[in-house]
Amino acid sequence: MRLLEVENLAKHYRVRGGAVLARTIGQVRAVDGVSFTLDQGETLALVGESGCGKSTTARLVLRLIEPSAGSIRFEGADITALSGPSLRALRRRMQIIFQDPYASLDPRARVGATLEEPMLVHGIGDTAARRARVAELLGLVGLAPYHAQRYPHEFSGGQRQRIGIARALAVNPALVVCDEPVSALDVSIQAQVLNLLASLRDRFGLSYLFIAHDLAVVRHVADRVAVMYLGRVVETAPKQALFARPLHPYTRALLSAIPLPDPRARQTRADQAAAGQPRVPGEPPSPLDPPEGCHFHPRCPFAVPRCREAAPALRLLESGHQAACHRAEELPAPEGIMPPPAAPAAARRLALYAARAAAG
């Protein structure tokens with residue numbers, strides 16, 4: 001079942017200058033014509049470099065900021081025109097887990113009050129029912145009922161992120177936006193939180209829009225992946241297809257940048273070039289003055305004159321696999337970009353804990 005449909009979504013910020021009149025001197029195209037879909041129970045990962053528009057896209061989907069153009073259909077209804085009570089009702093179906101597990105919690109409120117607040121806003125239950133729900137939520141994320149009486153500073157980073165997850169679940173949403181939910185955590189804690197998110201998705205039929213820049217994390221949690229560059233989606237594919245055969249040069253660069261966990265498996269620049277993945281030079285251009293044609297062409301080792309003249313459309317190249325590249329069919333097949341994933345020990349421990357908890 002299709003839960004979310006985003007079509008030609010855009011967010012442009014005006015840049016003002018001048019000492020007196022502060023005239024508009026340009027526009028920052030933070031999001032520039034993004035389209036994707038998300039099914040019920042699916043995890044779609046939105047990946048790319050910092051500043052490519054991932055988090056802005058997520059906030060547009062949630063109507064935390066207003067789009068400049070495009071449409072957002074959630075459960076079949078266009079939500080871009082909603083306001084007042086209709087928009088408030090929508091909030092109950094769409095929640096977010098923020099990147100910083102400390103800054104996203106009120107330091108002056110006890111955890112119980114933080115988890116109860118969404119239910120108060122939406123008029124869910126009486127006092128006794130809300131307190132019972134708080135205890136249930138804490139148990140779902142691996143904490144104890146007595147933690148409701150503590151303040152955020154009394155928890156570790158991983159525990160605070162569990163509280164953020166519990167708050168997102170408080171009103172039984174259908175869609176949860178995970179805005180880099182593990183990037184501020186230690187690696188061993190990351191595995192625990194990722195497996196917690198996966199178990200909650202399976203248990204409650206949640207859909208995740210997962211924002212990340214770490215492709216090793218994405219490979220562990222996602223069903224499909226959408227790669228963004230300078231405000232545009234340049235490739236979308238099922239996870240297995242994208243990691244096995246990336247079709248866009250930028251996606252290949254992202255995959256080749258992932259550190260190999262085996263210190264003996266060193267890869268030289270010559271090895272990468274022989275495998276069809278030369279190094280990508282330079283920094284991303286400014287979104288205030290993006291290049292003409294394909295935004296990636298100044299850094300692309302495969303660019304031709306056509307790339308500088310016309311922006312490539314996101315087109316279907318294989319089953320379920322789209323890429324915005326004029327030369328996608330001509331590029332050499334990459335080899336050995338990323339090793340097979342290994343289940344971390346922390347992930348196995350959490351899975352065992354979840355199985356014991358489910359057994360009672």
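What share of the 360 residues in the protein chain is buried? Buried residues make up 47% of them, where buried means under 20% relative accessible area, exposed means over 50%, and partly exposed lies in between, with a 1.4 Å probe and protein chains only. The model is predicted, so local features need pLDDT of at least 70 and side-chain atom pairs count only at pLDDT 80 or more, while totals for chains, interfaces and linings use all residues. Residues are numbered from 1 along each chain as its sequence is written, and side-chain values use heavy atoms, with hydrogens and water left out.

The secondary structure of the protein chain comes to 12 helices and 12 strands; these are DSSP runs numbered from the N terminus, helices being H or I of at least four residues and strands being E of at least two. A contact here means heavy atoms within 4.5 Å. Of the contacts between residues at least 6 apart in sequence, 67% join residues at least 24 apart. The chain exposes about 17500 Å², and carbon and sulfur atoms supply 52% of that area, computed by the Shrake-Rupley method with a 1.4 Å probe; for residues, only the protein chains shown count as cover.

The interior can be followed through its nonpolar cores, each a set of buried Ala, Val, Leu, Ile, Met, Phe, Trp, Tyr and Cys residues joined through side-chain atoms within 4.5 Å. The largest nonpolar core has 58 residues, and those with the most contacts inside it are Ile165, Leu200, Phe210, Leu215, Val218, Val225 and Val227. A second, separate core of 30 residues includes Leu44, Leu46, Ala58 and Ala174. Leaving aside neighbours within four places in sequence, Val218 is in contact with Ala45, Val47, Ala212, Val225 and Lys239.

A search of the whole structure finds three cavities of 30 Å³ or more. On a 1 Å grid over the protein atoms alone, a cavity is a set of points where a 1.4 Å probe fits but cannot get out, and lining residues have an atom within 4 Å of a point. Grid points are joined across faces, edges and corners, and a volume is the space filled by probe spheres set on the points. The largest cavity has a volume of about 80 Å³. Its lining has 15 residues, of which Pro249, Cys294, Cys300, Cys307 and Cys325 lie nearest the centre.

By residue type, that lining divides into 11 nonpolar, three polar and one charged; Ala, Val, Leu, Ile, Met, Phe, Trp, Tyr, Cys and Pro count as nonpolar, Asp, Glu, Lys and Arg as charged, and the others, Gly among them, as polar. The second largest cavity holds about 40 Å³ and is lined by Thr43, Leu194, Leu197, Ala198, Arg201, Tyr208, Phe210 and Val221.

Leu247 lies in the loop between helix H8 (239–244) and helix H9 (249–256). With a relative accessible area of 2%, Leu247 is buried. Not counting residues up to four places away in sequence, Leu247 touches Glu235, Leu317, Glu318, His321, Ala323, Ala328 and Leu331.

Two other loops hold a backbone feature. Most residues other than glycine have a negative phi. Glu75, in the loop between strand E4 (69–74) and strand E5 (77–78), has a positive phi of about 55 degrees and is partly exposed at 37% relative accessibility. Leu230, in the loop between strand E9 (224–229) and strand E10 (232–238), has a positive phi near 50 degrees and is buried at 8%.

How values were computed: On a 1 Å grid over the protein atoms alone, a cavity is a set of points where a 1.4 Å probe fits but cannot get out, and a pocket is an open set with protein on both sides within 12 Å along at least five of seven lines; lining residues have an atom within 4 Å of a point.
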